[in-house]
Amino acid sequence: MTQTATGPYDERTVRPRKSGEPGAGRTRWAVTLLVLTALLLVSATAGLAIGSVQVPPGEVWGIVTHALGADQREPDWSRARETIVLDVRAPRVLLGAVTGAGLAVIGTALQALVRNPLAEPYLLGVSSGASLGAVVVIVFGVTLFGPLSLSAAAFVGALGALLLVYAGARTGGRITSSRLVLSGVAIAAVLTAVLDLLLLTTGRGNEARAVLAWTLGGLGGVDWGTLWLPSTALLLGVGVLMVQARNLNLLLAGEESATTMGLDVARFRARLFVLLSLVTGVLVAAAGPIGFVGLMMPHIVRLFVGGDHRRVLPTAALGGAVFLIWADIAARTVAAPMEIPVGVLTALCGGPFFLWLMRRDARRGTDRGAA
């Protein structure tokens, strides 16, 4: 048993299964994936059907299959409903799935990299850094990289914030849970203050109000032409993290154990910090800063599939996609016709979860360990 910053980890939870061991864990993982995949299909259907104009689920599938060319029958629905489903709701649902999946896998990887169960982009100030970078581009009209300027600036801001938090929390080569969280809160507060100052001093009032609404997180206003970048970032991030899943497992046993197993921990962390900042920046540029998805999903899925990242990463991605789609449905319908920013709803869910997690880890004495 190894004591870490995330509590006592049993290396058996991350060690590859021996061929002679029973496959109960593998079966549970397969069942969990099947259930989440089914839930994702149901959630996507609900996201396309529910709104100010209700569209029956059967009609939703008819519109989608007809658009894909799988159904050649003459449409028996109105052109207006087809436009609502395909051009208004479908991009929004897809962005919700991509953003939820991306934030979940980023949170999973961050918790392993810094060996802290409270790590996630929003709490560590990474989302705040990405937001500041994006707002700088919007306010000052920077177009150095053309249509990619917003995502590029968000990436730089996310990476800078993550490095600042990590450097601020590391003292004497050690990081404790409390220092990491406090450092993240402090950096996020400073970056948010700078962002607010930019919004207050800009002479474009309408634009400032739009940016302020964006900083609360939301999936509205997306179209098919802007989806390719976050989708590509998600595929890149999940692909690289799945390849590096074994190394993420090694980090759970501690830096010394990982080094003994041949892992260059410093270089590995540096590379993944860049990757996670890139994916976070792209997602924040597309949907705004949406918090706590990356905190909740990894912990929830570990209850079902264990601690092996080869199982946790894809499961968390599916869980995050399902969760954010339903959060967006609630954001559109709870106070209709007014739309609540989806980031507000995820914070209402994630805040109590964060407090419960802190109390649980305090009881376990997690601050005795260090990363």
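Contact here means that heavy atoms lie within 4.5 Å of each other. In this predicted model, Thr45 is in contact with Pro57 and Trp61, leaving aside neighbours within four places in sequence. Thr45 sits in helix 1, which covers residues 24–49. Its relative accessible area is 12%. Buried means under 20%, so Thr45 is buried. The chain also brings Ala90 into the picture. Thr45 and Ala90 are 45 residues apart along the chain, and their C-alpha atoms are separated by 9.5 Å.

The protein as a whole was examined next. Its secondary structure comes to 14 helices and two strands. The protein has 371 residues, and 52% of them count as buried. Contacts between residues at least 6 apart in sequence were also sorted by separation. Of these, 78% join residues at least 24 apart. The accessible surface comes to about 17000 Å². Carbon and sulfur atoms account for 67% of that surface.

Phe304 lies in helix 12, residues 293–305. Arg28 is 276 residues away along the chain, yet the two C-alpha atoms are separated by 7.2 Å. Beyond its neighbours within four places in sequence, Phe304 is in contact with Arg28 and Thr32. With a relative accessible area of 45%, Phe304 is partly exposed.

An unreviewed UniProt entry lists several spans under "transmembrane region", among them residues 93–114 and 340–358. Both spans were compared with the model. Residues 93–114 are 95% helix and 0% strand. The end C-alpha atoms of that span lie 32 Å apart. Residues 340–358 are 89% helix and 0% strand. Here the end C-alpha atoms are 28 Å apart.

Empty space was then considered. Rolling a probe the size of a water molecule over the atoms shows where such space is left. The largest pocket has a volume of about 650 Å³. Its lining is made of 33 residues. Leu150, Trp214, Ala285, Ala286 and Ala287 lie nearest the centre of the pocket. The elements that give two or more residues to the lining are helix 4 (126–140), helix 5 (149–169), helix 7 (205–214), helix 8 (228–243) and helix 11 (265–287). Helix 11 supplies the largest share, four residues. By type, the lining of this pocket divides into 21 nonpolar, 10 polar and two charged residues.

Backbone geometry was the last topic. Most residues other than glycine have a negative phi, and most peptide bonds are trans.

Arg115 is not a glycine, but has a positive phi of about 50°. Arg115 lies in the loop between helix 3 (79–113) and helix 4. Its relative accessible area is 4%, so Arg115 is buried.

Phe292 is not a glycine either, and has a positive phi of about 75°. The loop between helix 11 and helix 12 holds this residue. Phe292 counts as buried because its relative accessibility is 9%.

Ala336 and Pro337 are joined by a cis peptide bond, with omega about 10°. Pro337 is found in the loop between helix 13 (309–333) and helix 14 (342–364).

Definitions and conventions
Residues are numbered from 1 along each chain as its sequence is written. This is a predicted model: local features need pLDDT of at least 70, side-chain atom pairs count only at pLDDT 80 or more; totals for chains, interfaces and linings use all residues. Side-chain values use heavy atoms; hydrogens and water are left out. On a 1 Å grid over the protein atoms alone, a cavity is a set of points where a 1.4 Å probe fits but cannot get out, and a pocket is an open set with protein on both sides within 12 Å along at least five of seven lines; lining residues have an atom within 4 Å of a point. Grid points are joined across faces, edges and corners, and a volume is the space filled by probe spheres set on the points. Ala, Val, Leu, Ile, Met, Phe, Trp, Tyr, Cys and Pro count as nonpolar, Asp, Glu, Lys and Arg as charged, and the others, Gly among them, as polar. Buried means under 20% relative accessible area, exposed over 50%, partly exposed in between (1.4 Å probe, protein chains only). Accessible areas come from the Shrake-Rupley method with a 1.4 Å probe; for residues, only the protein chains shown count as cover. UniProt positions are given in the numbering used here, feature names are shortened, and annotations may be inferred rather than shown by experiment.
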